[in-house]
Every structure is written in structure tokens, then in C-alpha cells.
Amino acid sequence: MPAKFSQYLAWALGDCSVAACAPRQMPTTPNLPEQAQPEIEIPEAPEPPSAGVRLLASFSKSPCFGRCPAFEVWIYSDGTVIWCGEAYVERIGNFKAQAPPDWLEAWQRAADSAGYWNLQDWYPADRRLLQDVPLTVSYLKHGKKERRIVNNADAPPALLRLEKYWMEKLEELQWTRSEP
């Protein structure tokens, strides 16, 4: 390397390293107003199929700007399961199925195993919703315990596995088209 070039290189690198190590002033973030608590619409459960029957669980996914599955499902104590498919699911429209008692018990056991009763009510915990991410809303009632969880992002793996399991359980049922 010619001497002049190596001197120039040393000078240039030295100058860059000084600039790289120089303290920088961080850009200031404007004071933004506090985000209001998000209002989400929780789907109303259809009337119970008969007297004395109560809602045990519900599970829904909202649409997004892409091809996200969107549906609502309600599970009743007599085993009646009502499905309303909106977009990007196999069953679009209203369907009904009859779940056997062991299916209902498996749904509840999976929730217990996932620690459903000890999870937060919202994900993310600060309730700042990501706009293009669907909401998954689950509701469960077991004895005197009752819980609703809204999942938009940052949910723990146990909740994500539980939601996936519930989707698989719904696919086990024999669905028939029904009126709204």
C-alpha cells in the first residue's frame, strides 16, 4: 500500500471511529395521548337450545386485512355446539353439531392443563391492539369459575397451544347446516 494511501486510510478510519463513539442525542418522542382502553365487540351467544341448558364455552376469531379465519362458536352444557363461519374457514354460515360428554370434558381438561384460569385477561397486557392481527376471544365456564381471554398478540405459548387444540377439537365434530 502506498504511504499516502495508508495515511489517508488511517485518518479516515480514525475520523469515523471518533464519530461512531461520539455521544448522540436521541430523538425525542412527542408526548402522545394515552390510548383509550379498546372497545371490542364480544359476540352474543345464541339462545340455549332448551331450558336448563347453559353456555359452557365460546371461541371466536375476528377478521384481519388478510386471509385470517373468522368465526364464532358456542358450546352448551347439553353438548350442542353452534358455529357461525364468516371468512376463510371451511364452513361459512351457520352450523350445528352435537358433542359427546367426553368431548366436552376434554375441552375443559385442556384448559385446566394450559393453566387457563391463571392467565391474563388480555394479550398484550397493555391492551394496545395490533390493528392487522385478529382477536381470538375465548370464554370458559366451569363450575363457579368463569373466564374470558382476549388474545391479540404476545400470548404465552400455553394459550396458543390451547387455541390450536380447541380448533382441532372443533374439526372432530359432525356439522350440519342450520338456520341462524
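Predicted model: local features only at pLDDT ≥ 70, side-chain atom pairs only at ≥ 80, totals over all residues.

Author: Start with the elements: helices (H or I, at least four residues) and strands (E, at least two) are DSSP runs, numbered from the N terminus.

Reader: What makes Arg127 worth a label?

Author: Its backbone. Arg127 has a positive phi of about 65°, and it is not a glycine. Most residues other than glycine have a negative phi.

Reader: Why is Arg127 called partly exposed?

Author: Its relative accessibility is 28%. Buried means under 20% and exposed means over 50%. The value falls in between, so Arg127 counts as partly exposed.

Reader: Which other residue has a positive phi although it is not a glycine?

Author: Tyr88, with a phi of about 55°. Tyr88 sits in the loop between E3 and E4. Its relative accessible area is 45%, so Tyr88 is partly exposed too.

Reader: What kind of peptide bond joins Tyr123 and Pro124?

Author: A cis bond, with omega at about 5°. Pro124 belongs to the loop between E5 and E6. Most peptide bonds are trans.

Reader: How many helices and strands does the protein have?

Author: Three helices and eight strands. From the N terminus they run α-β-β-β-β-α-β-β-β-α-β.

Reader: In what order do the strands of the sheet lie?

Author: The order is E5-E7-E6-E1-E2-E3-E4-E8. The sheet is open, and its pairing is mixed.

Reader: Why do E5 and E8 stand at the edges?

Author: Strand E5 (122-123) and strand E8 (176-177) each have a single partner strand, so one side of each is left without a neighbour in the sheet.

Reader: What joins E1 to its partners E2 and E6?

Author: Six bridges join E1 to E2, and five join E1 to E6. E1 runs antiparallel to E2 and antiparallel to E6. Ser60 faces Glu72 in E2, while Ser58 faces Tyr139 in E6.

Reader: What makes E1 mostly covered?

Author: Five of its seven residues are buried. For the protein as a whole, buried residues make up 36% of the 180 residues.

Reader: Which strands does helix H2 lie across?

Author: Helix H2 (residues 101-114) lies across E1, E2, E3, E6 and E7. It runs at about 110° to E6. Helix H3 (residues 157-172) also packs on the sheet, touching E1, E2, E3, E5, E6 and E7. The direction of H3 makes about 105° with that of E1.

Reader: Why are H2 and H3 called roughly antiparallel?

Author: Their axes cross at roughly 170°. Angles over 145 degrees count as roughly antiparallel. H2 and H3 therefore qualify. The axes come within 9 Å.

Reader: Which residues make the contact between H2 and H3?

Author: From H2, Trp103, Ala106, Trp107, Ala110, Ala111 and Ala114. From H3, Ala158, Leu162, Tyr165, Trp166, Lys169, Leu170 and Glu172. They divide into 11 nonpolar, no polar and two charged.

Reader: How many aromatic pairs are there?

Author: The count comes to nine. One of them is Tyr116 with Trp117.

Reader: Why is the pair of Tyr116 and Trp117 called edge-to-face?

Author: The ring centres are 5.7 Å apart, and rings pair if their centres lie within 6.5 Å. The planes stand 90° apart, and over 60 degrees counts as edge-to-face. The label therefore holds. Both residues are buried.

Reader: Which residues do ring pairs link into a cluster?

Author: Phe59, Phe71, Trp83, Trp103, Trp107, Tyr116, Trp117, Trp166 and Trp175.

Reader: What makes Cys84 count as buried?

Author: Its relative accessible area is 19%. The cut-off is under 20%, so Cys84 is buried. Cys84 lies in strand E3. Beyond its neighbours within four places in sequence, Cys84 is in contact with Phe71, Glu72, Trp74, Gly93 and Asn94.

Terms used:
Residues numbered from 1 in each chain as written. Heavy atoms only, no water. Pairing = 2+ DSSP bridges. Contact = heavy atoms within 4.5 Å. Axes fitted to C-alpha atoms, helices over the stretch in contact; angles between N-to-C directions. Parallel < 35°, antiparallel > 145°, perpendicular 65-115°, else oblique. Nonpolar A, V, L, I, M, F, W, Y, C, P; charged D, E, K, R; others polar. Phe/Tyr/Trp six-rings, centres within 6.5 Å; stacked < 30°, edge-to-face > 60°. Buried < 20%, exposed > 50% of the residue type's maximum accessible area, 1.4 Å probe, protein only.
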